Amino acid sequence: MRSVVAGVCALLLTGCAHEPKAFPCGYERDPRAQCVQELREGHLDTAETYCDLALEFSPLSADLWATKGLIALSRGDLAKAKAHLLQALRYNPEHTHAHLHLGVLFVREADPRKAEGAFSECLRLDPANVDCQDGLEQAQRAGGR
């Protein structure tokens with residue numbers, strides 16, 4: 001009986017003598033970074049999932065709201081894109097990319113006056129931003145200037 005108990009104890013100790021393998025988790029990386037990466041790769045649904053996860057931890061992040069706006073804009077959902085981009089600007093009125101994407105949205109809505117305003121604000125914040133300059137010129141042409 002003693003040898004059986006000793007054998008069981010030895011077996012239990014052997015099993016506990018090494019660390020169990022960790023299994024990979026889908027959220028090992030920062031969800032903000034993963035959101036942007038998925039967006040760059042064109043995986044809009046996955047990008048939105050990661051953005052939503054990141055917003056659970058940082059609901060006041062202008063960057064995340066602007067990214068969600070870009071995702072919606074990429075899908076052609078202008079109403080949702082506008083809501084997200086305006087939310088980004090509520091949290092950071094000087095968010096260059098939110099102004100840029102809002103300008104693009106206004107061009108798509110055929111509202112060159114609002115597009116000019118958004119692109120002009122983008123340029124005020126980042127005078128070297130070529131995308132803002134190109135957008136402003138496009139909006140001015142559409143507005144007849």
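# Close-up views: figure legends

**View 1. Helix α4 packs with helix α5 (residues 78-91) at an angle of about 165°, their axes 8 Å apart.** Helices are DSSP runs (H or I, at least four residues; strands are E, at least two), numbered from the N terminus. Axes are lines fitted to C-alpha atoms, for helices over the stretch in contact, and the angles, from 0 to 180 degrees, lie between N-to-C directions. This model is predicted: local features need pLDDT of at least 70 and side-chain atom pairs count only at pLDDT 80 or more, while totals for chains, interfaces and linings use all residues. Residues are numbered from 1 along each chain as its sequence is written, and side-chain values use heavy atoms, with hydrogens and water left out. Given their angle, α4 and α5 are therefore roughly antiparallel to each other (over 145 degrees; under 35 counts as roughly parallel, 65 to 115 as roughly perpendicular and the rest as oblique). The crossing of α4 past α5 is left-handed (the near helix is turned anticlockwise from the far one by less than a right angle; clockwise is right-handed). On the α4 side, Ala62, Trp65, Ala66, Lys68, Gly69, Ala72 and Leu73 meet Leu78, Lys80, Ala81, His84, Leu85, Gln87, Ala88 and Tyr91 of α5, where contact means heavy atoms within 4.5 Å. Sorted by class, the contact of α4 with α5 has ten nonpolar, three polar and two charged residues. Ala, Val, Leu, Ile, Met, Phe, Trp, Tyr, Cys and Pro count as nonpolar, Asp, Glu, Lys and Arg as charged, and the others, Gly among them, as polar.

**View 2. Helix α5 crosses helix α6 (residues 96-108) at roughly 150°.** The axes of these two helices come within 10 Å. That angle makes α5 roughly antiparallel to α6. Their crossing is left-handed. From α5, the contact is made by Leu78, Ala81, Lys82, Leu85, Leu86, Ala88 and Leu89. The α6 side supplies Ala98, His99, His101, Leu102, Leu105, Phe106 and Arg108. By class, ten nonpolar, two polar and two charged residues form the contact of α5 with α6.

**View 3. Helix α2 (residues 31-40) crosses helix α4 (residues 62-75) at roughly 20°.** The two axes come within 11 Å. α2 and α4 are therefore roughly parallel to each other. α2 passes α4 in a left-handed crossing. Arg32, Cys35 and Leu39 of α2 make the contact with Leu64, Thr67, Leu70 and Ile71 of α4. The contact of α2 with α4 has five nonpolar residues, one polar residue and one charged residue.

**View 4. Leucine 64 sits in helix α4.** Is leucine 64 buried or exposed? Leucine 64 is buried, with a relative accessible area of 3%; buried means under 20%, exposed over 50% and partly exposed in between (1.4 Å probe, protein chains only). Apart from its neighbours within four places in sequence, leucine 64 is in contact with Arg32, Cys51, Ala54, Leu55 and Ser58. Cysteine 51 is 13 residues away from leucine 64 along the chain, and their C-alpha atoms are separated by 6.3 Å.

**View 5. Phenylalanine 57 and threonine 49 both belong to helix α3.** Helix α3 covers residues 44-57. Phenylalanine 57 is exposed, with a relative accessible area of 65%. Proline 31 lies 26 residues from phenylalanine 57 in sequence and 9.7 Å from it in space, C-alpha to C-alpha. Threonine 49 counts as partly exposed at 43% relative accessibility. Between the C-alpha atoms of threonine 49 and glutamate 38, eleven residues apart along the chain, the separation is 9.7 Å.

**View 6. Alanine 110 lies in the loop between α6 and α7 (112-125).** Most residues other than glycine have a negative phi. Alanine 110 is not a glycine, yet has a positive phi of about 60°. Alanine 110 is exposed, with a relative accessible area of 65%.

**View 7. The protein chain has eight helices and zero strands.** Along the sequence, the pattern is α-α-α-α-α-α-α-α. Of the 145 residues in the protein chain, 35% are buried. Among contacts between residues at least 6 apart in sequence, 40% join residues at least 24 apart. The accessible surface of the protein chain comes to about 9200 Å², and 56% of that surface belongs to carbon and sulfur atoms. Accessible areas come from the Shrake-Rupley method with a 1.4 Å probe; for residues, only the protein chains shown count as cover.
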